[in-house]
Protein chains: 2
Amino acid sequence: MTDLLADQNPLPSGVDSRLRDHLTFLIEVDQLKTVLRASPLAAADRRENDAEHSWHLALMVMTLAEYADEPIDVGHTMKLVVVHDLIEIYAGDTPIYDTELAASQQEREEAAADRLFGILPEDAGREMRALWDEFEARVTPEARFAKAMDRLQPLLLNWMAKGGTWRTPGVTADDVRARKAVIGEGSEKLWKAALQLIDEGERRGWARS
Amino acid sequence: MTDLLADQNPLPSGVDSRLRDHLTFLIEVDQLKTVLRASPLAAADRRENDAEHSWHLALMVMTLAEYADEPIDVGHTMKLVVVHDLIEIYAGDTPIYDTELAASQQEREEAAADRLFGILPEDAGREMRALWDEFEARVTPEARFAKAMDRLQPLLLNWMAKGGTWRTPGVTADDVRARKAVIGEGSEKLWKAALQLIDEGERRGWARS
Ligand SMILES: [Ca+2]
């Protein structure tokens, strides 16, 4: 393992070796704060980064759990969203409307996961990798709800920006509906509200018809 | 309730009123991404914001739970850290070494909590307020561990910055030890490692003796 952030200023030699691996990982992930997303913030005139986005999802899980169609373990769902974008530290963000980048996405992300979770002690790395795999597979109720949050959150930001990434060249309101439909796999009520936002956005010309 | 971020672009009138309150809150908290802390990032040359910090703590809870002195509910501890700084949206960040601001901190934060959690449906607001109160009171094992994370995280960033806020005028290595001692209420092992970082930082002149 080379070129870790922590190598720039190694931890004191007295730190226990298992804990050193944990802390090295926790320093490495500081880079998630520098991975920019396409979405604009509602509260400031700049793009959001992955760490801010992940925090927002964790709070959304807590706040919106009552709308889940199936019972979910809230704490476990929070783990999924806190971890879900970590591999973008090495693989970068793949904007939802960029089909070219999306083609190579899985391969790039698998390699990034091997590298990043490999920093941790083996058992801990395996556990965190399993959370990432669970989120991606979208088979458990928790993963479906986590994914719904991941799609609903930028929709709220785009609403506040009166379009935001809905205005990406070539994207139509129907494209937005298609990419957001997974919200309905986690919550019918939230999917209904999402459609109200997209419909109204289209009516106002914030998304192309 | 006036001057909410969501008032700048009201949600469509068709959205169910309870859900509207939830979403209004989730839009309002976007402002946490604009509250700057004193700590410098390890991965970029800028200060950290509260949303990034809160995400980092949530991941630290998951990663370091095995070092807790008492058994903790990891999901519940994650809720505490995700919520713990929210009131700074209205009350601002109070840097740990700023004793003047610290004097008015509790009053400012209580008022902010009333205002912010009041946006939510009453039951949801009460629940979130209880989490914030629990974190502040530091009586439960989960709150003690959450607080330990809150103190350990900037210590890692300061280490990577070869001093960071340890270099605040008038602050000594012993001040740092005193402010960080609560880490030991959550985890003896992590407190031992924290002291190793502070001791070595003092030896290298990154914190005044
Ligand atoms: Ca704080």
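In this predicted model, helix H3 (residues 74–83) of chain A and helix H8 (residues 141–160) of chain A have axes that come within 9 Å and cross at roughly 50°, and H3(A) and H8(A) are therefore oblique to each other. Helices here are DSSP runs of H or I with at least four residues, numbered from the N terminus; axes are lines fitted to C-alpha atoms over the stretch in contact, with angles running from 0 to 180 degrees between N-to-C directions. Angles under 35 degrees count as roughly parallel, over 145 as roughly antiparallel, 65 to 115 as roughly perpendicular and the rest as oblique. H3(A) and H8(A) cross in a right-handed sense, that is, with the near helix turned clockwise from the far one by less than a right angle. On the side of H3(A) the contact (heavy atoms within 4.5 Å) is made by A:His76, A:Thr77, A:Leu80 and A:Val81, and on the side of H8(A) by A:Glu142, A:Ala143, A:Phe145 and A:Ala146.

A helix pair is also found between the chains, where the axes of helix H2 (residues 50–64) of chain A and helix H1 (residues 17–28) of chain B come within 11 Å and cross at roughly 160°, which makes H2(A) roughly antiparallel to H1(B). The crossing of H2(A) and H1(B) is right-handed. In this contact A:His56, A:Leu59, A:Met60, A:Thr63 and A:Leu64 of H2(A) meet B:Leu19, B:His22, B:Leu23, B:Phe25 and B:Leu26 of H1(B).

Taken as a whole, the contact between the chains draws 65 residues from chain B and 65 residues from chain A. The buried area, which is the accessible area (1.4 Å probe) lost on putting the two parts together, summed over both, is about 5300 Å² for chain B and chain A, and carbon and sulfur atoms give 73% of it. Within chain B, the residues losing the most area to chain A are B:Asn9, B:Lys33 and B:Trp55, which together account for 14% of what that side buries. The interface of chain B and chain A also holds 4 salt bridges, each defined by a side-chain nitrogen of Lys or Arg within 4 Å of a carboxyl oxygen of Asp or Glu. A:Arg18 forms a salt bridge with B:Glu66, with the closest N and O atoms 2.7 Å apart.

Residues are numbered from 1 along each chain as its sequence is written, and chains are lettered from A in the order in which they are written. Local features need pLDDT of at least 70 and side-chain atom pairs count only at pLDDT 80 or more, whereas totals for chains, interfaces and linings use all residues, and side-chain values use heavy atoms, with hydrogens and water left out.

Key:
Helices (H or I, at least four residues) and strands (E, at least two) are DSSP runs, numbered from the N terminus.
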